[in-house]
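Work through the following exercises with the sequence and the 3D structure at hand.

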Amino acid sequence: MKIPILKRGNILLTSLQEDLTDRDIVDLQEDLLDIIGETGSTGLVIDVTSLDRIDSYLSRILSQTAAMVGVLGCNVVISGIQPAVAMTLLEIGGALKNVKTALNLEHGIDMLLAGTNIES
Amino acid sequence: MTISRHNQLDIASERDIALAMSQCRKLLTEMGFSEHQQVRYTTAVSELTHNIIKYADNGVCKFHTYMDQNRYEIETIVEDNGPGIADIEKAMEAGYSTSGTLGIGLSGVQNLVDKFLITSTSKGTRVEITMHGDRMT
């Protein structure tokens, strides 16, 4: 299953759905790196509103993707983590490390547009 | 009167995990677990079933549900015939992982459920997790 990546100005948007396989994620990581390389996008929002759980594997993959994209000079925000998912993430001690998060997609985009304010 | 149900699934691929997760979610919803409990429990099952394909190739995931007038309970047994865990005590320490991924696996899972039991030999690993809820009367 190919995960769509949308572009709006300098910002890329992508949304993760339930039941992604490792293959899907690796493909997404490659696609993101390609698109950022081509377009010079400076921001990326990964929206996870529709995920009803984030286990340690996915949490690690998200952190890894953010780091990877960050190396290309693109700021990443993960948006839409559901409250119960956020609590569970903390309980298992797998809180997303070194990743900026936003309540929803709109806030995520605002954070990126504010640009210089989002130092990690 | 107690109603109990059993359900067993083979786990050998991510597709099997996806199927197990959607069944688990459905059972939890039907039984009346809260949203937060559902997320906790499905996250725990997700960790354990992923461990199967990571460390053992294949295994099984069994759901048992029990309900009576006052109480409901779900128990999941995740079993594989992989190489087993050499040092369970160490594996249960927060932050420990032999595979170089996040070391939150087993101790993290334990935090999410009401009851956690693990046994492991050189012939395989078996983890049992339980969560229960009280019915409002």
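**Exercise 1.** State how many residue pairs are in polar contact between chain A and chain B, and find which elements of chain A give two or more residues to the side that touches chain B.

*Solution.* In this predicted model, the count between chain A and chain B comes to eight residue pairs in polar contact, where both residues have pLDDT 80 or more. Turning next to the elements, α2 (56–71) and α3 (83–91) of chain A each give two or more residues to the side of chain A that touches chain B. Of that side, α3(A) supplies the largest share, namely five residues. Sorted by class, the side of chain A that touches chain B is made up of seven nonpolar, six polar and seven charged residues.

**Exercise 2.** Describe the extent of the interface between chain A and chain B, and the confidence attached to the model.

*Solution.* Begin with the contacts, in which 20 residues of chain A meet 22 residues of chain B. The area buried between the two chains is about 1900 Å², and carbon and sulfur atoms give 57% of that area. As for confidence, the predictor assigns the complex an ipTM of 0.79 and a pTM of 0.85, while chain B has a mean pLDDT of 87, with 91% of its residues reaching 70 or more.

Note on methods
Residues numbered from 1 in each chain as written. Chains lettered and ligands numbered in written order. Predicted model: local features only at pLDDT ≥ 70, side-chain atom pairs only at ≥ 80, totals over all residues. Heavy atoms only, no water. Contact = heavy atoms within 4.5 Å. Buried area = accessible area lost by both parts, 1.4 Å probe. Polar contact = N/O pair within 3.5 Å; in protein donor to acceptor, adjacent residues only side chain to side chain. Helix = DSSP H or I, 4+ residues; strand = E, 2+ residues; numbered from the N terminus. Nonpolar A, V, L, I, M, F, W, Y, C, P; charged D, E, K, R; others polar. pLDDT = per-residue confidence, 0-100.
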